[in-house]
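Keep the structure open as you read.

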Amino acid sequence: MDAVQIASVVAQMKDWIHKRTGCHSVAATSMHGIVEAQHDRSFKELLNETDLVVPDGMPLVWLGRRQGHILPRRVYGPDLLLAFCETSSGQGYRHFFYGGEPGTAERLAGSLETRFPGLNVVGTYSPPFRPLSAEEDKEMVEAINRAAPDVLWVGLGAPKQERWMHEHKDRLRVPVLVGVGAAFDLLSGRRKQAPRWIREYGFEWLFRLLQEPRRLWRRYLVYGAQFIAYLALDGLRLKNFEASGSRFAKRAPDHRARV
């Protein structure tokens with residue numbers, strides 16, 4: 001987990017776009033993603049191969065602070081998307097939105113274009129819920145490459161979006177892929193967003209759980225309990241997460257941290 005803030009992530013994205021040194025990926029990851037990585041070794045490995053894994057959830061911010069990192073706020077997916085759009089509006093950056101239910105990506109793009117005059121949206125695509133056939137997937141990749149976006153925003157939800165970015169990274173001629181989870185639904189107005197004070201104090205999970213209990217109960221109640229158990233095991237030195245790449249640790253030369 002990279003101990004970074006939104007401003008430094010935006011700066012890194014712009015640097016990748018300007019240098020054009022390949023396709024880079026950013027995953028806004030919460031407690032759910034970290035626990036999923038403990039269950040699924042292949043998911044842990046692809047997270048560790050992601051260029052930036054940023055703390056989307058407050059429990060990860062609290063964990064980072066406990067380990068000595070300066071993290072005033074989390075890198076909340078919707079806020080990251082808005083921050084990049086705000087700083088890049090009118091500067092020619094090209095955006096593509098991939099994900100969401102039918103019509104959600106288009107609605108999100110329209111909302112952002114209204115909010116940020118001069119924003120350059122070059123495409124949107126909401127994939128079907130079923131897996132794409134090999135031919136459909138090839139056509140989709142070709143369509144994205146023809147649109148030539150600088151940033152491809154991916155809103156498929158974890159862990160699907162991280163897997164999708166990892167699987168398509170070598171075929172997409174896009175400088176930056178960013179997985180932002182529920183940002184598509186929240187910023188398009190499809191789902192109600194928790195008030196900022198609830199988000200900042202770490203209670204967004206409860207707000208969302210009350211909205212969608214049947215879909216989210218396992219993520220927040222079961223995975224949440226497991227996350228707390230992992231922290232307890234780590235604190236008591238009963239399990240060595242550092243050996244498996246899951247502890248915040250200093251990284252030179254920019255002193256980011258990975259978990």
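What share of the contacts in the chain with a separation of 6 or more comes from residues 24 or more positions apart? The figure is 74%, where contact means heavy atoms within 4.5 Å.

A word on ground rules: this is a predicted model, with local features needing pLDDT of at least 70, side-chain atom pairs counting only at pLDDT 80 or more, and totals for chains, interfaces and linings using all residues. Residues are numbered from 1 along each chain as its sequence is written, and side-chain values use heavy atoms, with hydrogens and water left out.

**Overall build**

The chain has 12 helices and eight strands; these are DSSP runs, numbered from the N terminus, with helices being H or I of at least four residues and strands E of at least two. Its radius of gyration is 18 Å, close to the 18 Å that the globule rule gives for 259 residues, so the chain is as compact as a globular protein of that length. That radius is taken over C-alpha atoms, and the rule is 2.2 Å times the number of residues to the power 0.38. Along the principal axes, the C-alpha atoms fill a box of roughly 50 × 45 × 35 Å.

Of the 259 residues, 53% are buried. Buried here is under 20% relative accessible area, exposed is over 50%, and partly exposed is in between (1.4 Å probe, protein chains only).

Strand 1 (residues 24-29) has six of its six residues buried, so it is largely enclosed by the rest of the structure. In a regular strand the side chains alternate between the two faces of the sheet. Here both faces are covered, with His24, Val26 and Ala28 buried on one side and Ser25, Ala27 and Thr29 buried on the other.

| Partner of strand 1 | Bridges | Example of bridge partners |
|---|---|---|
| Strand 6 (residues 176-179) | four | Val26 and Val178 |
| Strand 2 (residues 52-55) | four | Ala28 and Val54 |

**Helix 4 and Met31**

Now for helix 4 (residues 58-66), whose buried residues are Met58, Leu60, Val61, Leu63 and Gly64. Their cover includes strand 1, strand 2, helix 2 (31-39), helix 10 (196-200) and helix 12 (213-235). After helix 4 comes Gly68, with a positive phi near 95°.

Met31 sits in helix 2 and, at 12% relative accessibility, counts as buried. Which residues does Met31 contact, leaving aside its neighbours within four places in sequence? They are Leu60, Arg219, Tyr220, Tyr223, Gly224 and Phe227. The C-alpha atoms of Met31 and Pro59 are separated by 6.7 Å, though these residues are 28 apart along the chain.

Most residues other than glycine have a negative phi, and most peptide bonds are trans. A few spots go the other way.

Arg20, in the loop between helix 1 (6-19) and strand 1, has a positive phi of about 55° although it is not a glycine. At 48% relative accessibility, Arg20 counts as partly exposed. Ala148 also isn't a glycine, and has a positive phi of about 55°. It lies in the loop between helix 7 (134-147) and strand 5, and its 35% relative accessibility makes it partly exposed.

Finally, a cis peptide bond joins Ala158 and Pro159, with omega about 0°. Pro159 lies in the loop between strand 5 (151-155) and helix 8 (160-168).

Key. Two strands pair if DSSP finds at least two bridges between them.
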